[in-house]
Amino acid sequence: MSRDTRYVVLGNGAAGNAAAERLRQNDSESWVTLVAAERHPHYSRVALPRYVRGQIAEEKVMMRKFEDYHRLGINLLSGVAATSVDPSRKMVTCADGSILPYDKLLIATGGRPKPSTWQVSDAPRSSLVFHTIEDARRIIKASESARQVLVVGGGFIGYELAECIAHRKTAKVVWMMRGPWFLHNVLDASAGLICNILAAEAGIDIITGDSIQSVTANSTGFHVTTAGARRMDVDVIAQGIGIDYYTEPALSAGLNGEPGIRTDSRLRTRIPDIYAAGDIALFENEETGRLTQMGSWESAMAQGRLAADNMAGGDEPFQDVPTYTTSLFGSSLAVLGDTTRDGPDLRVLTVRSGDRGYRRFHFRKDRLVGAVLIGSPKGRKRLIEMIKEGTPVTPDPQAMPEFAVA
């Protein structure tokens with residue numbers, strides 16, 4: 001690319017920040033503009049749970065300072081959201097009225113929490129979400145004075161909310177989800193039971209197979225009625241019911257937006273010179289032959305760097321093993337690779353140890369394609385390598401210690 005090439009990156013999360021820095025690393029002369037809707041420099045969303053638990057200070061969450069962008073030669077537009085893209089004129093319009101011309105554009109706008117599915121009658125208050133550093137501050141403040149907190153949502157965000165608030169030991173936590181157990185689309189009933197045991201030991205009450213029907217404000221918080229006819233008074237409602245992707249700029253350009261921005265394996269959209277990366281990218285996976293969306297921090301950074309390389313003239317496909325790891329009420333949970341529980345040639349090996357040790361492995365023919373680990377993460381890196389390598393393996397805990405529960 002020439003020294004006059006204009007790169008514009010929308011989004012200052014893991015993918016956008018990694019892309020902007022990689023573009024500057026690859027080319028010290030071109031223009032790099034990073035459009036950030038939040039008013040903060042880049043920070044670690046994966047560190048927010050530790051911040052809410054009180055395990056780290058807020059400054060440890062921050063990964064960049066404003067002066068870092070100047071030092072790196074990146075033009076940061078902070079607190080400005082991109083609203084539309086005109087691919088025929090190659091221009092981005094922002095909410096503050098600024099117009100940014102581009103030669104190459106990366107959309108890495110990520111998502112935002114889904115709105116509540118319930119209405120709050122006569123209440124200026126609303127339920128708390130967990131997505132940004134401001135959300136984390138509000139959760140800390142609200143939980144300090146609360147006696148009982150209702151957490152809604154059976155996915156990763158719902159878990160993080162329940163675990164973080166319970167860890168502070170200032171409020172009783174009730175965790176409610178529609179499904180039969182936490183992460184029921186990934187975990188089977190046996191793994192779900194382990195999660196229930198660990199949550200109960202952490203002092204959390206779990207309600208499964210239920211949802212909020214109505215919410216009425218009272219003097220201190222909310223009166224909640226559920227679809228299952230439960231009634232409860234709580235001081236705070238915190239929700240983790242999924243995310244909607246911030247697709248408005250992509251839609252304005254004529255791209256699809258459900259459930260994300262479709263790209264090829266090189267993270268290129270169907271519109272020339274527009275790329276997508278991070279949570280929002282729905283890319284062609286050359287390994288599986290399927291469209292794939294990854295929501296992990298590590299994958300987002302890897303996609304940002306690869307998109308930057310390809311924007312600068314590269315032609316490499318994105319190949320990675322989706323990996324999600326989290327604490328689990330004093331234990332740990334790791335979900336690696338493809339863990340779908342149906343399909344042709346699928347073989348599943350489940351290994352248990354006591355009432356807390358659990359490993360499930362997914363094979364297609366003689367190839368390891370995915371795993372779920374509860375308890376010790378020992379062997380996790382080797383399992384990821386095995387999935388990447390695609391070499392034939394023997395699914396035998398006696399022959400291969402990686403398949404045994406440590």
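Let me start with one term: a residue is exposed when over 50% of its relative accessible area is left open, and buried when that value is under 20%. Keep that in mind. One more caution: this is a predicted model.

First, the whole protein. We have 9 helices and 26 strands. Of the 406 residues, 50% are buried. The C-alpha atoms fill a box of roughly 60 × 60 × 35 Å along the principal axes. How does the radius of gyration compare with that of a compact globule? For 406 residues, such a globule would come out near 22 Å; the protein has 22 Å, so the two agree.

Now contacts. Take those with a separation of 6 or more: 62% of them join residues 24 or more positions apart.

Next, the surface. The accessible area is about 18300 Å², and carbon and sulfur atoms hold 49% of that. Charges: 48 positive, 47 negative. Their mean positions lie 3 Å apart.

Let's zoom in on one helix, α9, residues 380-389. Which of its residues are buried? They are L383, I384, M386 and I387. Looking down the axis of α9, these buried residues fall within an arc of 160°, so they line one face of the helix.

What covers them? The cover includes four strands: β22 (323-328), β23 (331-337), β25 (357-364) and β26 (367-374).

Turn to the face of α9 directed away from the buried side. There we find K381 and K388, both exposed.

Last stop: just after α9 comes G390, with a positive phi of about 70°.

Notes
Residues are numbered from 1 along each chain as its sequence is written. This is a predicted model: local features need pLDDT of at least 70, side-chain atom pairs count only at pLDDT 80 or more; totals for chains, interfaces and linings use all residues. Side-chain values use heavy atoms; hydrogens and water are left out. Buried means under 20% relative accessible area, exposed over 50%, partly exposed in between (1.4 Å probe, protein chains only). Helices (H or I, at least four residues) and strands (E, at least two) are DSSP runs, numbered from the N terminus. The arc is that of the directions from the helix axis to the C-beta atoms. Contact means heavy atoms within 4.5 Å. The radius of gyration is taken over C-alpha atoms; the globule rule is 2.2 Å times the number of residues to the power 0.38. Accessible areas come from the Shrake-Rupley method with a 1.4 Å probe; for residues, only the protein chains shown count as cover. Lys and Arg count as positive and Asp and Glu as negative; His and the chain ends are not counted. The place of a charge is taken as NZ of Lys, CZ of Arg, CG of Asp or CD of Glu.
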